[in-house]
Structures are given as C-alpha cells and as structure tokens.
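Subject: Structure handover and findings

Dear colleague,

Please find below the structure for your further work.

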Amino acid sequence: MKLQRMNRRALALGALAVSGALALTACGSDDTSDTGSGGSASAKASSSVDCGDASGQLQASGSSAQKNAIDAWVKEFAAACSGVQINYNPTGSGAGVTAFTQGQTAFAGSDSALKPEEITASKKICSNGQGIDLPMVGGPIAVGFNVPGVDSLTLDAATLAQIFDSKITKWNDEAIAKLNPDAKLPDLKIQAFHRSDESGTTDNFTKYLKAAAPDDWSYEPGKSWEAKGGQSAQGSSGLAQQVTQTSGAISYFELSYAEGIKTVDIKTEAAEPVKATVENATAAIGAAKVVGTGKDLALELDYTPSAAGAYPITLVTYEIVCDKGNKAETLPATKAFLNYIASEDGQGLLAEAGYAPMPDEIITKVRETISGLS
C-alpha cells in the first residue's frame, strides 16, 4: 500500500506539468512503466477506476483553480479507461457555467455555487432536471507577494481590503508596519493584481473581504472585479506570473499556483496569524454547512473563523452537472469520471497537488448523488 501511495503521488506530480487546455486520450496500453509493485501504471489505475460503459469524448470547462487537480485526475483516469477522451478547458468559472447552461459541455467546474438564474437556465438543457453543485475540491486562496527584503508578511482583512481598493499604496504604510513590527518594509509602490476574467476565486476572495472587513470593502462580492484601480491578468496562472515578475506585487490565487511565491499569513480572531496551507483550509471547510436543496450540495463557508489554524480565505470548487436529463452519449463517461474523482483514491491525490480533500461527511453525500445521476 505504501508503494501504491507513492505511485499515486508520482502520477499527481507528473500531471501538474500539463499546461493549457487539457486534452488527454485514455489508452491503457500507452503506459507500461514499472510501478515497483509488480505491475504497470495502467494496471494500477484500473484497480481504482471503474470505467463502466464509458467511451467517447467528454467536454468540460470552467474553474482554473482546479486545473492542477483535473490534470492529476485525468492522468490516472486515462490510464485505466481505454477509449475515453476528456477535454477540460480552464476558461474560468463564469465562462464554464455559461458553456454548461448553453449545452456545450457535459459538466462545468465553478468556484461558486450556481445562482438562482443559472439554475433556471440549466433547466433548458437538463431534461426534466436542473444543474446541481457537487463540492469536489477545496483549498486556500493564497495571497502571494513580492516585496524585496521581506520574507514573512502578516495582513488582516481590513488592510487587504484597503490595498486592493487602492487606499493603501505603499509597502511601508503605517497599517502594514503595525502588523509587521519586525519587517523592513521598503518605500515601494504596491502593485495589486486582480483577475481580468469572471472568476469564482474572485467571488470567494471578495466574499471574504466583505464578510471580514465590511467597513473597508464597499463592493458586493462577485465573479467580476468591481474595485477601482489595480492591474489585471487572465486566470490564476496569470496572476501568479505577475507576482513572480513584478517588484511590489500582491495578488490572490489558489495555493497550487503559489510554488516559489511567498504568501501572506492572515490575522484572524485567533491568537496567531494563520498560514495558507491545505491542512488549515481543511479545518475551515470542515465547518461549512450544506445549504443547497434537493440533490444540490452547495456549501456555506465561514469567512470569519475564530478557531486556531482555520484559514479564512478558502474556496470550494464544484463540479456542476444535471441531476436528470444528462445527454445519453456522455452520461456513462461523466459518471465514471465523477465517481473516480470523488473516490478515496481520487480525493487522495489532492493534498499532493496543493488542494484540500472534501471532509468525509460531505464527500459521502457527493458519491451518493453521483450514483443517482440520469
């Protein structure tokens, strides 16, 4: 079992190198490397993936936050299910939901649950059914920074809100200095970057700012950036790239995009500032409540936790699919893939890819719902 876990980690890490829209064709005979446990990688994958009657192509799009997780999942799914091609295009949550409600994809990835008007729109393509939210991927929204000479930085919600609203413009501002008395903060302009595309990450980040600093963040949360000023970039990868190459930069993106980037510790009501880690995100997600109705499993997150080690800027990515009325030609592949990523093995790949698996009580409900899709 230890060797098998090591092999899964290797598969996950290898999958992270995939870039751009994902288009992988499953072909079990393509990978015949020795797994170290007496069998091939495809044989190992076959033992944990139930392909059922899956075949053909599966089109999906949406959240760029979960792209690295999707890469890892498809890598292993493709090794097991011969004849299935999965194409996931990380267009952003807003574009993904639109494509789904227009019948262009079998499922969508979104970092925000469906809005009432989006559920209404989904009924046009879900015959006798509607789109539902299946929470599948969790993780912290890291706040990455690039400030020369500063290796550790603590900020609170009010200070972050003023930074991203262009009200705090220098890194040696008194508000930042008060939170970081031991840091040598330079007289350097702050370069705040936000998403240019509609994004569930932006939605969750602005929900945090609104909930935790209502006096300093006057804008309504949403997928589109509303605050004035700042600079923009496409996708989480674009924001991470800007932070890496821009002196004085700060931005927000999923932890999986923060490799090599310093991240902010967030001051909450707890005694100590909280780091952006998978474990601390899991602690926050564990307190989430299911607020969806029927088969919908939309969650309500707590953006102002007081528990020690609960990271407040956390998102959940949903896979959005029809509860009834899925297209007959793609339903077997959709269920097979969703069943795999919700399985113990599928969820087990997430931590190595920088994500938080769903708590047991939530993922159990997800598995039950997937089994009943029609």
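A disulfide is taken here as a pair of cysteine sulfur atoms within 2.5 Å. Please note that the model is a predicted one, and that every value below was computed from it.

Disulfides

A search of the whole structure returns 2 disulfides. One of them joins Cys51 to Cys81, with an S to S distance of 2.1 Å, which means that the pair meets the 2.5 Å cut-off. The torsion about the S-S bond of Cys51 and Cys81 is about -95 degrees, so this disulfide is left-handed. The pair links distant parts of the chain, 30 residues apart. Cys51 lies in the loop between helix H2 (41–48) and strand E2 (56–62), while Cys81 lies in the loop between helix H3 (67–80) and strand E3 (84–89). Cys51 and Cys81 are both buried.

A disulfide also joins Cys126 to Cys322, where the S to S distance is 1.9 Å. The link of Cys126 and Cys322 is left-handed, with -70 degrees about the S-S bond. Here too the pair connects distant parts of the chain, 196 residues apart: Cys126 is in the loop between helix H5 (116–122) and strand E5 (131–146), and Cys322 is in strand E14 (residues 314–322). Cys126 counts as buried because its relative accessibility is 0%. Cys322 has a relative accessible area of 3% and is therefore buried. With bonded cysteines counted along the chain, the disulfides follow the pattern 1-2, 3-4.

Nonpolar core

The largest nonpolar core holds 108 residues. Which of its residues touch the most other members? They are Trp73, Met136, Leu160, Phe164, Ile250 and Phe337. Leaving aside neighbours within four places in sequence, Trp73 is in contact with residues including Met136 and Phe337. Among the other contacts of Trp73 on that basis are Gln66, Val137, Glu319, Tyr340, Ile341 and Gly346.

Ile285 belongs to helix H10 (residues 278–285). Is Ile285 buried or exposed? Ile285 counts as buried, because its relative accessibility is 0%. Not counting residues up to four places away in sequence, Ile285 touches Gly138, Gly139, Thr314, Leu315, Val316, Ala356, Met358, Pro359 and Ile362. The C-alpha atoms of Ile285 and Glu300 are 9.2 Å apart in space, and these residues are 15 apart in sequence.

Yours sincerely

Note on methods. Residues are numbered from 1 along each chain as its sequence is written. This is a predicted model: local features need pLDDT of at least 70, side-chain atom pairs count only at pLDDT 80 or more; totals for chains, interfaces and linings use all residues. Side-chain values use heavy atoms; hydrogens and water are left out. A nonpolar core is a set of buried Ala, Val, Leu, Ile, Met, Phe, Trp, Tyr and Cys residues joined through side-chain atoms within 4.5 Å. Buried means under 20% relative accessible area, exposed over 50%, partly exposed in between (1.4 Å probe, protein chains only). Contact means heavy atoms within 4.5 Å. Helices (H or I, at least four residues) and strands (E, at least two) are DSSP runs, numbered from the N terminus.
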